[in-house]
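The sequence and structure come first.

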Amino acid sequence: KKMNKTIKITIDDAPLLFHGAVSLRVLSGHVTVNGRVIGSEHGWAELFSPVWEPNALLAVRQAGSDGGKRRRMGEAEQRGHEDGVVVELKQSARAYLVKAQGSSEQSREVPGFFPVRSGEEVKDDGALSSAQSSARMKEMVVPAEWRNVLQAVAAGVLQRSTASEASSVLVWGDRNTGKSTFVRRLVNRLLNQHPAVALLDCDVGQAEFGPPGLVSVTVVRSVEDDGCVGGLFGPPHTHRRRRPVAARFVGHVSLDVDATRYADCVRAVFDEFCGWADSGVEGTAAAVPLVVNTPGWIQGIGLRLLHGVVECVRPTHVVHLSSAFGRHTLCTCR
């Protein structure tokens, strides 16, 4: 059932978490959503937080706050803190709002929205169940290593862009290390300082854009054609439909079926992107940094194909995600 409720909420130090789909517009100040800074100068942003991930809720956080701790802020974020942050939320589908732990309220009674009360949990069908406590519903936490690397990469890319030099960031690592989550956050972080970011998706098994089996380059703009805020605010199936700059259909999701064709597709797509960037459609090539998402198979043929991607793209930055120490994910940048 389609919802059309619209409300205004003041964001304080505790982030606003939610399940479902909402549209957000900042009326005063600035907020961050999955690394993307959104302010009153922007339009609406379409946000998606799947109900099947109760321990990784998407958060609307006051810019400059980080789990209750203050970090060094830019001028825009400082204005958001000084003046307070007021946002307008439009419920575009069934949505639940919940306050983060540590706040005086575990849940907000928001007219027109469905509150999550103590002892209740959102089930896959969108209904509430009292089987588990809402305390289990937590914000998607970004490890400290990720924050440090994201900051370092963004600073390096901005420095190269200022010098009119193109940048490319390749992210690699084993399966289940959080590559897709990191890539989305990296794209959003770069959109804070660039008018557009290109994503070269080489992971044919779990494509961020398009169907499985596709190698593609897609450009995400900081402002969409309809004025909405550009960014990646949910899992792949919630992304806006965008025509890729270049794409090749590999025809399978396993790299070992036809490794030669996969390598040829990656090179063809990258070459076509380079031609597009040099054409000046989005200004200079330095204005559109490239993020490269790679498959999680890093042994045998997979490792050889990864080397091929590196040789083809010759990235200016390489980020490695590793889970060598149990469930703890390490993130390094070269």
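A crossing of two helices is left-handed if the near helix is turned anticlockwise from the far one by less than a right angle, and right-handed if clockwise. By that convention, H2 and H3 cross in the right-handed sense. The model is predicted.

**The helix pair**

H2 spans residues 144–162. Its axis comes within 10 Å of the axis of H3, and the two cross at roughly 40°. That angle makes H2 oblique to H3.

H3 covers residues 179–191, 13 residues in total. From first C-alpha to last, H3 reaches 18 Å, close to the 18 Å expected at 1.5 Å a residue.

The residues that meet across the pair are tabulated here.

| Helix | Residues at the contact |
|---|---|
| H2 | Trp146, Val149, Leu150, Gln151, Val153, Ala154, Val157 |
| H3 | Thr181, Phe182, Arg185, Leu186, Arg189, Leu190 |

Which residues of H3 are buried? They are Lys179, Phe182, Val183, Arg184, Leu186, Val187, Asn188, Leu190 and Leu191. Phe182, Leu186 and Leu190 are buried, and these three residues also meet H2.

**Glu88**

Glu88 sits in strand S9, residues 85–99. Its relative accessible area is 12%. Buried means under 20%, so Glu88 is buried.

The side chain of Glu88 makes a polar contact of 2.6 Å with the side chain of Arg25. Leaving aside residues up to four places away in sequence, Glu88 touches Thr6, Ile7, Lys8, Ser23, Leu24, Arg25, Leu27 and Trp44.

Definitions and conventions: Residues numbered from 1 in each chain as written. Predicted model: local features only at pLDDT ≥ 70, side-chain atom pairs only at ≥ 80, totals over all residues. Heavy atoms only, no water. Helix = DSSP H or I, 4+ residues; strand = E, 2+ residues; numbered from the N terminus. Expected span 1.5 Å × (residues − 1). Buried < 20%, exposed > 50% of the residue type's maximum accessible area, 1.4 Å probe, protein only. Polar contact = N/O pair within 3.5 Å; in protein donor to acceptor, adjacent residues only side chain to side chain. Contact = heavy atoms within 4.5 Å. Axes fitted to C-alpha atoms, helices over the stretch in contact; angles between N-to-C directions. Parallel < 35°, antiparallel > 145°, perpendicular 65-115°, else oblique.
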